[in-house]
Amino acid sequence: MKTIIEPFRIKVVEPIRMTTREERQRKIAEAEYNPFRLKAEDVLIDLLTDSGTGAMSTHQWAGVMEGDESYAGARSFFRFEASVKSVFGHKHVIPTHQGRASERLLCAAVVKPGDVIPGNTHFDTTRANIEASHAEAVDLPIPEARDPENLHPFKGNMDLQKLEDLLNKEHHRVPFVLITATNNSGGGQPVSMANLREAKKVCDAFGVPLFLDAARFAENAYFIKLREPGYQDKTPREIAQEMFSYTDGALMSMKKDAFGNIGGVISLNSDAWAEKIRTLLILTEGFVTYGGLAGRDLEALAIGLEEVLEEDYLRYRIASTAYVGQHLDELGVPLLKPFGGHAIYLDGRRFCEHLPDEQLPGWALSVALYEHAGIRACEIGNVMFGKKLPDGSWQWPALDLVRLAIPRRVYTQSHMDYVVEAIGELYQQRQSIPGLEFVYRPDVLPHFSARFRLR
Ligand code: F0G
């Protein structure tokens, strides 16, 4: 059989409220053209993020009932710890309430002002946490990653020559190297096993620890199975274990590949760093056996981490994301290729060729998509990463993307057919998409709260 079906059936449904175009035009104008400021109930298909938006399984919900809410030493913590250790393999497992809490704690514990943290491409909260520690976040993706049409199978890879050059010059300023797999800001592209293995060798030569941002490690493992010679007959779990074996530690937002609505973790080998992090954890997150989570969350995450490595799930997940990409591609819609694991990325600049960078083509496209069809997407481009230079001019990122992030186990194929049809229609009318300009732009993480007006 060629058809890949959802490896689950639906037991509980959540109604979607239908809206009209006029209503949506009013709502987005009231939100000052920022989709983050919309009420979720005014959205038909919410592709803003795949983070915390997944559907939990019957097993996870049963785990919720099993949650041990003891303040210290809860059974659920030990279940969580065992589940994380069985895949990640590091010595210490520290729960946190979400990914950026892991980032903040690691940065507060080990990053000094003036330090440099190299990565393939840091996610926006990672970059913000590094910069908040007065350190520099340096992205070293391979050159192929900058070309949206390049079909390199592992566009998430890090440029190891550049890493070596950087470490040669300033390894004393580098507390750790961080590889994000899959590379979210670079288009959900995977990192190869070979790249991780070699990165570890380079880091070892300079005595610098290698960390993994593991938010989507299982999707990355499945891409390795599909694309990297020698891994076809290995299970996703075996591949993931090998990935982590090249690292000294990992940060994970468990709202992605652990099917959590909330949760995160820091996993690492260093006793000294673990101690520092746990001291900070108690200060702001909670005791070391819950780290800002309820026992029921820990239980659900422990189970989610097992479920995400099931091969039937990963086959469906990667194929259903590619399904959206393939159909949009057939309609001529400009996309980032190859298709990522958790999302399809529209190329804002090529979609809205009539809009100059100053008019924020990707963001304008996300607004038009909401007005046209009630679909909420997330710009990862000019608004998120644009920089105002001291002379008042703008520096724009290499790519101005609009991400259609697909929540895990939530939408059906007909929802995705609707998305494809809507974007195809909008592409036919693309000349009519109006540009935008900032009314308000905060300096840190501007996309969450910026406000805009039509040009
Ligand atoms: N690292 C990566 C690669 C991420 O994609 C995210 C979050 C984080 C860290 C931070 O985790 O949200 O739990 O604090 N990404 C979400 C997204 C928000 O929409 O891509 P968090």
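Two residues count as touching, or in contact, if their C-beta atoms, placed from the backbone, lie within 7 Å. That goes for every view below of this predicted model, where local features need pLDDT of at least 70, side-chain atom pairs count only at pLDDT 80 or more, and totals for chains, interfaces and linings use all residues. Residues are numbered from 1 along each chain as its sequence is written.

**View 1. Lys256 and what it touches.** Leaving out residues up to four places away in sequence, Lys256 touches Asp50, Ser51, Ala215, Arg216 and His342. Lys256 sits in the loop between strand S7 (249–253) and strand S8 (264–268); strands (E, at least two residues) and helices (H or I, at least four) are DSSP runs, numbered from the N terminus. Is Lys256 buried or exposed? Lys256 is buried, because 29 other C-beta atoms lie within 10 Å, and the cut-offs are 20 or more for buried, 12 or fewer for exposed, and partly exposed in between. An unreviewed UniProt entry puts "modified residue: N6-(pyridoxal phosphate)lysine" at Lys256; such annotations may be inferred rather than shown by experiment.

**View 2. Where the two domains meet.** The domain assignment, automatic or from a database, gives domain 1 (21–50 + 311–454) and domain 2 (58–307). Across the boundary, 23 residues of domain 1 are in contact with 23 residues of domain 2. On the domain 1 side, helix H12 (311–330) and strand S9 (343–347) each supply at least two residues, with H12 giving the largest share, five.

**View 3. Inside the largest nonpolar core.** A nonpolar core is a set of buried Ala, Val, Leu, Ile, Met, Phe, Trp, Tyr and Cys residues joined through C-beta atoms within 7 Å. Of the 79 residues in the largest one, Val177, Ile179, Ala240 and Ile277 touch the most other members. Both domain 1 and domain 2 put at least three residues into this core. Another core, of 50 residues, lies apart from it, with Leu365 and Tyr411 among them.
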